Amino acid sequence: MAAESPNGNGSGHVQDLAWRVGGPQGSGVDTAALIFQRACGIAGLHLFGRREYSSNIMGRHSYYDVRASEMPRASHRDAVDLLTTFEAETLSRHLMALGEGSGVIYRTDDADVELHKITYLDGRYADDLAAYLAERGLPATTGGQLEDAKNRGVRLFKVNIDEIVAQLAEAMGVPPAIAGRARNTLAVAVSTALLDFSRDYVKAAVAKTWPGRQKIIDLNVEAIEQTYNYVDANYDRSDFAISLHGCDSTEKRMIVNGNQAVALGKIAGGIGFQSYYPISPATDESFFLEAHEEYPVTDGGQSNVIMVQTEDEISAVTMAAGAALTGARASTSTSGPGFALMCEAIGWAAINEVPLVITDWQRGAPSTGMPTRSEQGDLRIAATGSHGDFPSIVVASGDVFEAFYDAAECFNYAERYQGIVIHVLDKALSSSSRTVPYLDTDQIGIDRGLIAEPRGEHDEGAFNRFAVTESGVSPRTLLGQQGNAHWCTGCEHTPQGRVTEDPVVREDQIEKRHRKMELALSELSLDEKVKIYGDRDAELTFLSWGSNKGAIIECLDILEAEGIPARFLHVRLIKPFPVDEMTELLSAASPLVIVEANFSGQYAELLRTYTGIAPDHLVLKYNGRPISAEEIHRTVREIRQGDAPARIVLRNPYQ
Amino acid sequence: MTTTTEARTYKAKDFSQPNANDWCAGCGDFGIINAMHQACAKLGLDPSSVVTVGGIGCSGKAPYYMGTYGVHTLHGRPLPFATGIKLANPDLTVMVASGDGDTLGIGAGHFVGIGRRNVDLTAIMFDNEVYGLTKGQAAPTLAMGMQTKGLAVPTSQMKINPLMMAYTCGFTWIGRGYSYNIKQLVQLMMDAIQHKGLAFLDVLQPCPTYNNLHTKDWYAGKDQEEVRPRVQPLPEDFDPSITADSSEDDVLDHARSFMYESHRWGTEIPTGVFLNNTGLNSFTERIRERVKSYAEQTPSNKVIADANGMSNVDLTSMFDELAVN
Ligand SMILES: Cc1ncc(C[n+]2csc(CCOP(=O)(O)OP(=O)(O)O)c2C)c(N)n1
Ligand code: SF4
Ligand SMILES: [Mg+2]
């Protein structure tokens, strides 16, 4: 399926550009994307960046999408406006994302390569492309693909990179090998020149990328000059309608991805301890924390987060639980395989009422699955989490703002309800970045819950740490408090924490623990449970959770412009399940469309279990790539035409 | 690290508990727990600043018989729990009580992990060569070919040498005691607790219920022609100490005799201090060297809210790092 024509980006439109750069991992794709993003950011544009990569270090394909727009956007666009490539694989993989009016930049050398000779192009991919081309009487080569793209109205920009490098070398009086180091900047500049985007922004981005390293800056600035000259001399832009211009914005912005947002939120929320075992796509969160282990507080002093890289995830979760017992705000961060290893300890923390936050960055599963691709497949395990019946709170975030504030709030929930909080996010959110204004820590309240006073003397006997109370919350002692010694145990226990198998004590304790969830449901606001977007009175109802949010909200905008009323319920609180609110909100939904990035509709399953409500349509995607607004929009069209099945799978063979 | 209170000194009985005891009559665990009470009292510790962390097993129940904070964790996991406790509140004295199965079977990965960190705590391993609580299966300390009475067939897996294992993993204090040599055991525990770093104390412990081979009588050498206790102190000339100033030759000499002594297991089983390495900084010290504020602001005590109950963190410098314009 070739992309539909991109949103026109010519004059008169609100600017919204989708730019893509791709290449082998380790070849500078990320640097190119960074420079492009910085240039756009300096130009006052909003950005949404999406990084797709393979579970490999060097050589395999990766790409980066940047959406630069006047209005903030929170999702990528399938239809790319301008594609920048430096080798045949990227060219071959992404030409199908281009539609009428868009453009592609490619090297002379890559203009005619046999698809089956491209090392890392999956056999299935090459076969499907070859069949597609054969139907159109075209050869199975990049040349055939380019011809097809041209026939579909794509503008082809063949670039002789070596020529620009040679010119740069001459201008700088350096050998071509040295000039070649500016290749990433050069790549960006070809794009920005074609987009008629001011070179000054790109130069400013280069200066920001290598602060204080004048020689490198000089080389890159000259690369920009040479490239703009080359583009002026070699192409006629008059029939290429896509352009990009700066806009007036003085708002101070930063660019943040999901991993960073969670790390920042944890710091703002008072984290004291995080243990972790490296795993994609969670590691970057802990890495950010490690790089910022000490930081200022508002009274002028310093605070810190103690980070430990452990020997495995069992150690990570139990170490964090130990830290939490002393009163620390403690957490660990992982992905599905690590979460699976933590399950036994989750039950321990729950039965011991330990405030502990576990951040789960979902990825393609089961097992090792697709480690660097996105999926929302961990909801079921997050909601059950361990053997037996125990309370836990599961919160899902949909964008970097929510990731930030939720990460902080999870600690409040953990301490207020004294137990496990599982914060569920996904790979798509981890590696997509957005421009946001400086976040507001003044909004972050700290609620440490009910903490016992030290009794002082040691002789009063063991403290009733697990006292049976009406709310279910017992005054929490912290290890080391004077005179409050007691026991913690994974066995059922008396209020003092002594092992017991007494039937009445058992009932009291298990019931008390679960009462805390009734309390949570009664205390949390509707907004903390589910957020409603769009036309509140509309019958057409989307229901989703996590990072699908951006795409669905964008689809709402499109539908609104088309005069189609629709609303979107974005679920934040997965567990305890807000039965009353969900039942009421969904009573008038027609059709109810649940959107999830997994195979079985894990949230839909929970919804049916708790409320008996089933969706009219379950829209699923499980190829590891995030859902787009275009895909949802197409689906709505099918649903409204009345020929959509109950289960709709979003597929795209060329993603 | 140890904390003493001036206000009051606690006696051994203050460290014990009236909880009904689960252990079989004649179990070696009683000797170990008595030694723990005495060692804490002799060190002048305050029960409120001591945390006893247990694994799962007969041995793992030790926290219930201590008047300190007690954390009965998961099978194999007491060491990471204890690490989190110690790092979050370095003022606490942390002791771990766990079985040989817990420590070197299911928990072996953590034994290696904690060794690399030299966390300042004391790991006491109840070495009965069997899985007591699950009715006598072979523990990783039971030698190949042995068939204790709970086993259907002799074990076909080899035994681990716990002392060698601790040495290889990086424990900086290593000792071995015997549950019926209380006097020596108390001293070993005191040394281990006072050691600024990670201590491993292997305590030989008869399990009269499941280990019918290495019984109290066997340790007493009563099966030998000439009755002489197998459990003997290390030779007088054995020097366990390594310091920051030890030369490479000193370290190699010690390694050689450590290996020799730790392999002796027959008519004589040496006990005492096998290694006392004071030359390596503890994990808490390593963190303090890098994170200056950790000396005052620990995860357990740091202030996280301002007077209005709002976050007191200033993220501006991090935001500046991420600024795009
Ligand atoms: C994950 C897990 N697996 C198995 C068990 C069952 N289990 C309980 S105690 C134990 C062995 C205890 O042996 P050891 O650690 O040597 O302690 P001992 O009873 O001998 O003191 C086992 C296997 C468990 N509690 N948890
Ligand atoms: S089974 Fe063995 S180790 Fe366990 S309590 Fe009984 S004698 Fe002691
Ligand atoms: Mg044992």
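This is a predicted model: local features need pLDDT of at least 70, side-chain atom pairs count only at pLDDT 80 or more; totals for chains, interfaces and linings use all residues.
Visitor: Which side chains meet in a salt bridge with R290(B)?
Guide: That's E293(A), with N and O 2.8 Å apart. The pair crosses between chains: E293(A) sits in the loop between α11 (283-291) and β9 (294-296) of chain A, while R290(B) is in helix α9 (residues 283-290) of chain B.

Visitor: And is E293(A) buried or exposed?
Guide: Buried, because its relative accessible area is 14%, and buried means under 20%.

Visitor: What does R117(B) pair up with?
Guide: R117(B) meets E311(A) in a salt bridge, 2.5 Å from N to O. R117(B) belongs to helix α4 (residues 108-117) of chain B and E311(A) to the loop between β11 (306-309) and α12 (313-325) of chain A, so this pair joins two chains.

Visitor: Are those two buried or exposed?
Guide: R117(B) is buried, with a relative accessible area of 6%. E311(A) counts as buried too, at 18%.

Visitor: Which residues do salt bridges with shared partners join into one network?
Guide: D16(A), R67(A), R73(A), R77(A), D81(A), E554(A) and D557(A).

Visitor: What about D109(A), what's its partner?
Guide: D109(A) forms a salt bridge with R107(A), and their closest N and O atoms are 4.0 Å apart. D109(A) counts as exposed because its relative accessibility is 54%, whereas R107(A) is partly exposed at 23%.

Visitor: New topic! What holds the magnesium ion, ligand 3? I mean, which protein donors does it have?
Guide: They are D100(B) through OD, N128(B) through OD1 and V130(B) through O, lying 2.1 to 2.2 Å from the ion. D100(B) is in helix α3 (residues 100-106) of chain B and N128(B) is in the loop between β4 (122-127) and β5 (130-131), so to speak distant parts of the chain, 28 residues apart.

Visitor: Are D100(B) and N128(B) buried or exposed?
Guide: Both D100(B) and N128(B) are buried.

Visitor: Back to charges. Which residues form the negative surface patch?
Guide: D502(A), E507(A), D508(A) and E511(A) form it. D502(A) lies in the loop between β17 (487-489) and α17 (503-523) of chain A, and it counts as partly exposed because its relative accessibility is 33%.

Visitor: Last one: which residues are buried in helix α21 of chain A?
Guide: In α21 (residues 602-611), the buried ones include Q602(A), Y603(A), A604(A) and L606(A). After α21(A) comes G612(A), which has a positive phi, near 80°.

Notes: Residues are numbered from 1 along each chain as its sequence is written. Chains are lettered from A and ligands numbered from 1 in the order in which they are written. Side-chain values use heavy atoms; hydrogens and water are left out. Patches are made of residues with over 30% relative accessible area and no salt bridge: like charges are joined within 9 Å, nonpolar side chains (Val, Leu, Ile, Met, Phe, Trp, Tyr) within 5 Å. Accessible areas come from the Shrake-Rupley method with a 1.4 Å probe; for residues, only the protein chains shown count as cover. Lys and Arg count as positive and Asp and Glu as negative; His and the chain ends are not counted. The place of a charge is taken as NZ of Lys, CZ of Arg, CG of Asp or CD of Glu. Helices (H or I, at least four residues) and strands (E, at least two) are DSSP runs, numbered from the N terminus. Buried means under 20% relative accessible area, exposed over 50%, partly exposed in between (1.4 Å probe, protein chains only). Donors are N, O and S atoms within 2.8 Å of the metal (3.2 Å for Na, K and Ca); water is not among the atoms, so sites may look incomplete.
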